[in-house]
Amino acid sequence: MPEGVASRHPFFRVNASLHCGPRRLPLDRPLVMGIVNVTADSFSDGGRFHDASIAIAHGERLAAEGADLVDVGGESTRPGAAPVSLDEELARVIPVVKALSAKGIAVSVDTMKPEVMRAASDAGCAMLNDVNGFRAPGALEAAAASGAAICAMHMQGTPATMQSDPRYGDVVAEVRDFLAARARSLEAAGVGRERIVLDPGFGFGKNLAHNVALVKGLGAIVSLGYPVLAGLSRKRMIGEITGRVVAERTAGSVAAALVAVQNGAAIVRVHDVLPTVDALKVWAALR
Ligand code: 7PJ
């Protein structure tokens with residue numbers, strides 16, 4: 001990333017870093033998180049990465065394409081998806097975390113289950129990423145016991161019900177206040193603020209108007225003072241705006257990632273790492 005990005009951007013800060021156990025991820029430029037699904041029914045990968053060795057190869061490829069970290073998930077949060085048992089989720093995720101971490105790749109684990117958080121920490125993960133915001137009993141304690149970075153996301157409702165008529169008074173203020181409260185709870189549980197990342201949770205109990213308001217109003221969440229992660233890649237809102245099916249949402253997703261970064265996102269969570277990395281290089285050089 002060219003010099004000067006940090007000094008001319010509302011969030012990127014010279015010398016700032018995200019603490020992920022012994023590792024530090026720089027926060028003076030936008031970071032790219034690549035998505036590795038180890039589920040049987042994830043809507044955009046069709047279960048192709050169910051096999052651990054395929055997921056490991058996919059994670060290595062995303063790292064080679066320039067991902068700063070890869071997010072490994074074994075539980076689909078698609079509306080109406082079948083719940084995954086603890087044993088099944090552990091069996092899917094932990095071998096992938098171990099293998100990718102052993103190759104020096106920073107691995108995030110997308111889970112709502114405290115037992116998976118603990119096993120993933122033991123396996124060397126760099127980040128725990130919970131779409132439920134560490135609200136399950138024992139999740140705050142598991143976050144505190146880990147040295148990993150902690151990404152807390154906002155979700156209204158549960159994955160099974162969240163897309164049936166979500167409602168807000170002021171979506172930006174409600175999401176901001178929820179995330180501020182989760183950060184306070186994490187810190188009270190013993191998670192240092194240099195480990196905390198916040199995420200508005202695009203598409204999790206939000207309709208298109210809510211998602212658009214959150215992208216435009218991202219600055220209100222950025223101003224809480226924590227790095228903000230934005231996950232817009234291939235989501236329904238990209239389909240609603242472009243009229244494209246999941247497999248044709250790369251360009252729309254790259255555009256969304258750029259706008260999120262422009263509005264202060266520190267990390268973008270994406271399927272299409274290579275085009276996103278290139279787009280961010282051009283963004284940084286031309287802005
Ligand atoms: C997100 C996530 C997101 C974070 C998923 C999908 C659905 N974790 N896990 N933020 N989305 N932190 O990738 O479409 O937006 S699963």
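Colleague: What volume does the largest cavity have?

Modeller: About 40 Å³. A cavity here is a set of points, on a 1 Å grid over the protein atoms alone, where a 1.4 Å probe fits but cannot get out. The volume is the space filled by probe spheres set on those points, which are joined across faces, edges and corners. Before we go on, this is a predicted model: local features need pLDDT of at least 70, side-chain atom pairs count only at pLDDT 80 or more, and totals for chains, interfaces and linings use all residues. Residues are numbered from 1 along each chain as its sequence is written, and side-chain values use heavy atoms, with hydrogens and water left out.

Colleague: OK. Which element gives the most to the lining of the largest cavity?

Modeller: That's α9, with four residues. α9 (250-262) and β10 (267-270) each supply at least two. Helices (H or I, at least four residues) and strands (E, at least two) are DSSP runs, numbered from the N terminus. Lining residues have an atom within 4 Å of a point, and they include Gly231, Ser253, Ala256 and Arg269.

Colleague: And the second largest cavity, what lines that?

Modeller: Glu75, Thr77, Asp110, Thr111, Met112 and Val131, around about 30 Å³ of space.

Colleague: Switching to the ligand: which residues come nearest?

Modeller: Of the 13 residues around the ligand, Asp110, Asn129, Asp199, Lys235 and Arg269 do. "Near" means a heavy atom within 4 Å.

Colleague: How much of the ligand does the protein bury?

Modeller: 90% of the 390 Å² that the ligand exposes when taken alone. Those areas come from the Shrake-Rupley method with a 1.4 Å probe.

Colleague: Last topic, then. How many salt bridges are there?

Modeller: The count comes to 12, where a salt bridge is a side-chain nitrogen of Lys or Arg within 4 Å of a carboxyl oxygen of Asp or Glu. One of them joins lysine 113 and glutamate 75 (3.1 Å, N to O).

Colleague: Where do those two sit in the chain?

Modeller: In distant parts, 38 residues apart. Lysine 113 is in the loop between β5 (107-110) and α3 (114-122), and glutamate 75 is in the loop between β4 (69-73) and α2 (86-102).

Notes
On a 1 Å grid over the protein atoms alone, a cavity is a set of points where a 1.4 Å probe fits but cannot get out, and a pocket is an open set with protein on both sides within 12 Å along at least five of seven lines; lining residues have an atom within 4 Å of a point.
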